[in-house]
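Me: I have a structure open and have never looked at it before. Can you walk me through some of it?
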Amino acid sequence: MRALLRFLRTNRAAALAAGIFAVLAIAALAAPLIAPQNPYDLAMLDLHDSRLPPGSIGATGHFYALGSDVLGRDLLAAILYGLRMSLAVAVTSSIAALSLGMVLGLIAAYRGGRTDALLMRLVDLQLSFPAILVALILLALLGKGLDKIILALVLVQWALFARTARAAALSEVNKEYIDAARILRLPQWRILLRHLLPNCLPPVSVVAAVQMAHAISLEATLSFLGVGLPITEPSLGLLIATGFQYLLSGDYWISIFPGIALVLLVASLNVLADQLRALLNPKLQLARAALPPLEPVASKGAPRDENAVLAVRNLTTRFATSQGTLNALEDVSLTLRRGEVLGLVGESGSGKSVLGRSIMGLIAPPGRVVGGEVWLDGRELQSLTEPQRRRIRGSRMAMVLQDPLTTLNPVLRIDTQMIEAIRAHEPVSIDVARARSLQALESVGIPAPAQRLKCYPHQLSGGMRQRVAIAIALLNRPDVIIADEPTTALDVTIQSQILAQVQTLARETGTALIWITHDLGVVAGLADRIAVMYLGRIVEMGPAEQILRAPAHPYTAGLLASIPSRNERGRPLQQLGGTTPSSLIVAPGCSFRGRCVRATQECEAMPALRGAERYVRCIHPLTEAAA
Amino acid sequence: MTAFILRRLLQLLGVLAVMSVIVFMGVFVIGDPLELLINPEATQAERAAAVTSLGLDQPVWRQYLSFVSDALHGDLGRSFVFNEPALQLIVSRMPATLELALTAMVIAMIVGVPLGVLAGARPQSMLGRSIQGGAVLGFALPNFWQGLMLIMIFAVVLGWFPSGGRGETGTVLGIQTSFATLDGLRHLALPALNLALFKLALIIRLTASSMQEALRSDYIEFARAKGLSERRILGVHALKNVMVPVVTVAGLEFGSLIAFAVVTESVFSWPGMGKLIIDSITVLDRPVIVAYLLLVVVLFMVINLVVDILYSALDPRVRLAEAN
């Protein structure tokens, strides 16, 4: 209840809808008090007052606030009684359908097997026919009447409740405590119900709100068509139908006012259901939460390297989250020479992928590169407009992603995805582009490339798909390729094949590589230099063999010690103590000090990245070679 | 592909057999076929003749067989009101309904997909929010009420379009259609728009949510990394994936358009199957009701089949799964 109140306080649309619904519902309930004279009492009909406009006074002195209808009924009173009927029909039919659907859904989930298959088949069949058609046919065979319309509404509504309840129940039925109860021969039903009901209620209540709106709308529609409630019963649909013929002659109120009441009722319920659904879905909530603004950060002026093909200076990237600002990348500087392979190493969440995407210019809201520069071949990229930046992406710098199964577009053929990559940057004919694509596939060792070009991604293996992705990255002979763990998802044998091939290709074409990985074993054989990242910062950088042989930063040393193959047989495996702290909590000082055995008081100030060829961000490095 | 279609056709026949039993039970076993199928004003002699001709003195299984055989021969009884074979009557009204439903679907797709793409690509923008909000309302408001509002605004107040009827039809390829004359098109505009609104809202919501999902995927990031234009990323890479669920749903919803045509046709006095069934229910012209029921079931089955085939044509992964 408190959660509901907070929800209404923070959500204006929901509060407005709830308010409108409450006013209409109370007015409908209080109809006999507001209009003591039942307009549907046949004895009270006064045809003299037929079709009086709003605000008139009738022959007997009765004041018609909203006018009167064809039979001389007070329209306001008729609308209130109609609302009452709408709500009564909707509530009755929805509760009956909910009960029926829940029971059947729970039985289906609990019994499983044949019962489940049969019931769900029935649900599918029912739902494949539109509700209005099913209701119409039923009423055509059964005839008009209040009981019949409720029956028809129950029959069109139960299926959705059954499906929702079954889905919620299934997630619970497969849990271990149910198995345990089964083995212990405990009354499973009771146990199940105690856990199931709280689990089912949120999704079922959203469905109930939608279905109530639907039932109100359906009853009005059927009555409007003359197949729902008989003319003697109060119904908004019937009121609108009788007023419809006078709409063209200008007596608008007879149909418009009941229509407005109906629309407000149905729309408020729908908006409520919509907002409730968003409340129950955390994914949608995150998108709606107010995000903190991201302030730009001034550049600190890292030194420039004239030989570098890529120079990243003081790059800082932040993400706005509902819990605050996340510093994913903090003041990162690095350089890359032509044809060089840089291994970028770190644990998950260290910011290595964010660095790759920041260099590519692929950070999208809620993230933003808030400071720093990216120099490619003497040109600064951060100051470029998005179209200028786009022309560089894919031509001067390219990227390969981690999961080959999701990297390629599943509904486009390989040739389409390769040819477009060329033609986005160069005005060549499709034939030329196709020939170059063929060559690229050959160069990454794909057999029968001409046939592979005509394939869809799902027709190729994971390793093959990653080779295609690498071929696409190579298509325009870029200066830099950023490879984000491209072999992590592959078999070890395929991994080493691809690594060897990429190394050769990079050497042949002079393409520099940033190879992102958490696997030091991979970079050992591939990289010229290594950069180690921890919590968005580079903590150590330098020639690969030096770092692997004699790590200076305690974190690097810890990473190296945890590689199983480097340990002697029989000795217990080393592991890095503690876990990576959240980058949401910005504590001053060295971010590794919580896990570091060498940490002292001095580490409470953030150490600078010191060194020339070999850099380390540590006050107590393991080797002094770096400093 | 052929095997796939054949298997679906067999499934379709199975469902049809089940539906024929249900309809038969509804009319002959639970209901009183004499009341359902014979004109209430018939004399005693006519009733006796009908009992024999309907075979009501026969055992139930024999009655079912003759019901099926009659139905297969297109004999579903005669309309009391029009004194015409019921099936023929409905089929004669079908082109008007199909024309209406088709136009509505085209409107819903042509307007809905681009709006959905916009709302999905920029969900936080003012435009995206308004499109989404409009879709919630379009979804929520009763269809007949939307129809009344269209009449009120465009026929009564502005006077741009007629408020009802089918208007003049012309003949194209031997089919009577409203597309052939300007008057026909003017009459078609409002009912088609009315019928389209509900589906329009649905297609916008579906396109927007599929779009948002597609834009979060790796292949979109990879497409951006290739330096493709925003237009190509949204219009080809994302849209082609979005179209798979959208076309499936649009196809499935075509059946529901024919169902909802009942409402629109009644509001706009459009002389199609929907108006016929409502009129028939009002005057208890039961053979027409039964014929309509069977015909609609067949129609739905056919639509489901066509959608399945379309779906496999759109999504290469489904093709593979079926081939294996």
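Me: Start with chain B. Among its contacts between residues at least 6 apart in sequence, what share joins residues at least 24 apart?
Reply: The share is 69%. Keep in mind that this is a predicted model.

Me: How many helices and strands does chain B have?
Reply: Chain B has 13 helices and two strands. It has 324 residues, and 42% of them are buried.

Me: How many residues of chain B are in contact with chain A?
Reply: On the chain B side there are 52, and they meet 54 residues of chain A. The elements of chain B that give two or more residues to that side are α6 (126–140), α7 (143–157), α9 (218–225), α10 (230–267), α11, α12 (286–314) and α13 (316–323).

Me: Which of them gives the most?
Reply: That is α10(B), with twelve residues. By class, the side of chain B that touches chain A has 30 nonpolar, 14 polar and eight charged residues.

Me: Now the helix packing inside chain B. At what angle do α5(B) and α11(B) pack?
Reply: The angle is about 130°, and the axes are 7 Å apart. Helix α5 of chain B covers residues 86–121, and helix α11 of chain B covers 273–282. With that angle, the two helices are oblique to each other.

Me: Which residues meet there?
Reply: From α5(B) they are B:I90, B:R93, B:M94 and B:T97, and from α11(B) they are B:M273, B:G274 and B:L276. The contact has four nonpolar, two polar and one charged residues.

Me: And α5(B) with α6(B), how do their axes cross?
Reply: They cross at roughly 125° and come within 8 Å. These two helices are therefore oblique to each other as well. The crossing of α5(B) past α6(B) is left-handed.

Me: Which residues make that contact?
Reply: B:L115, B:L118 and B:A119 come from α5(B), while B:L127, B:G128, B:I131 and B:Q132 come from α6(B). Five of the contact residues are nonpolar, two are polar and none is charged.

Me: I clicked on B:M211. Which helix is it in?
Reply: B:M211 is in helix α8 of chain B, which covers residues 182–215.

Me: Why does B:M211 count as buried?
Reply: Because it has 25 other C-beta atoms within 10 Å, and the cut-off for buried is 20 or more.

Me: What does B:M211 touch?
Reply: Leaving out residues up to four places away in sequence, B:M211 touches B:G116, B:V117, B:G120, B:A121, B:A238 and B:V242. As for B:G77, 134 residues away along the chain, its C-alpha atom is 49 Å from that of B:M211.

Me: Switching to chain A. In what order do the strands of the open sheet with β4 and β3 run?
Reply: The order is β4-β3-β6-β7, four strands of chain A with antiparallel pairing. The edge strands are β4 (324–337) and β7 (379–380) of chain A, and each pairs on one side only.

Me: Over how many bridges do β3(A) and β4(A) pair?
Reply: They pair over ten bridges, in the antiparallel sense, with β3 of chain A covering residues 308–321. Helix α13 (residues 352–360) of chain A packs on this sheet and touches β3, β4 and β6 (367–376) of chain A. The direction of α13(A) makes about 70° with that of β4(A). A:T321 has A:G324 in β4(A) as its bridge partner.

Me: Why is α13(A) called largely enclosed?
Reply: Eight of its nine residues are buried, so the rest of the structure largely encloses α13(A). Among the buried ones are A:K352, A:R357 and A:M360. After the helix comes A:G361, with a positive phi near 80°.

Me: What about β5(A), how many of its residues are buried?
Reply: Five of five, in a strand that covers residues 341–345 of chain A. A:V341, A:G343 and A:V345 are buried on one side, and A:L342 and A:L344 on the other.

Me: Which strands pair with β5(A)?
Reply: One is β10 (residues 512–517) of chain A, parallel over five bridges. There A:V345 has A:T517 as its bridge partner. Another is β11 (residues 529–534) of chain A, parallel over four bridges. In β11(A), A:R529 stands opposite A:L342.

Notes:
Residues are numbered from 1 along each chain as its sequence is written. Chains are lettered from A and ligands numbered from 1 in the order in which they are written. This is a predicted model: local features need pLDDT of at least 70, side-chain atom pairs count only at pLDDT 80 or more; totals for chains, interfaces and linings use all residues. A residue is buried if 20 or more other C-beta atoms lie within 10 Å of its own, exposed if 12 or fewer, and partly exposed in between; C-beta atoms are placed from the backbone. Two residues are in contact if their C-beta atoms, placed from the backbone, lie within 7 Å. Two strands pair if DSSP finds at least two bridges between them. Axes are lines fitted to C-alpha atoms, for helices over the stretch in contact, and angles run from 0 to 180 degrees between N-to-C directions. Angles under 35 degrees count as roughly parallel, over 145 as roughly antiparallel, 65 to 115 as roughly perpendicular and the rest as oblique. Ala, Val, Leu, Ile, Met, Phe, Trp, Tyr, Cys and Pro count as nonpolar, Asp, Glu, Lys and Arg as charged, and the others, Gly among them, as polar. A crossing is left-handed if the near helix is turned anticlockwise from the far one by less than a right angle, and right-handed if clockwise.
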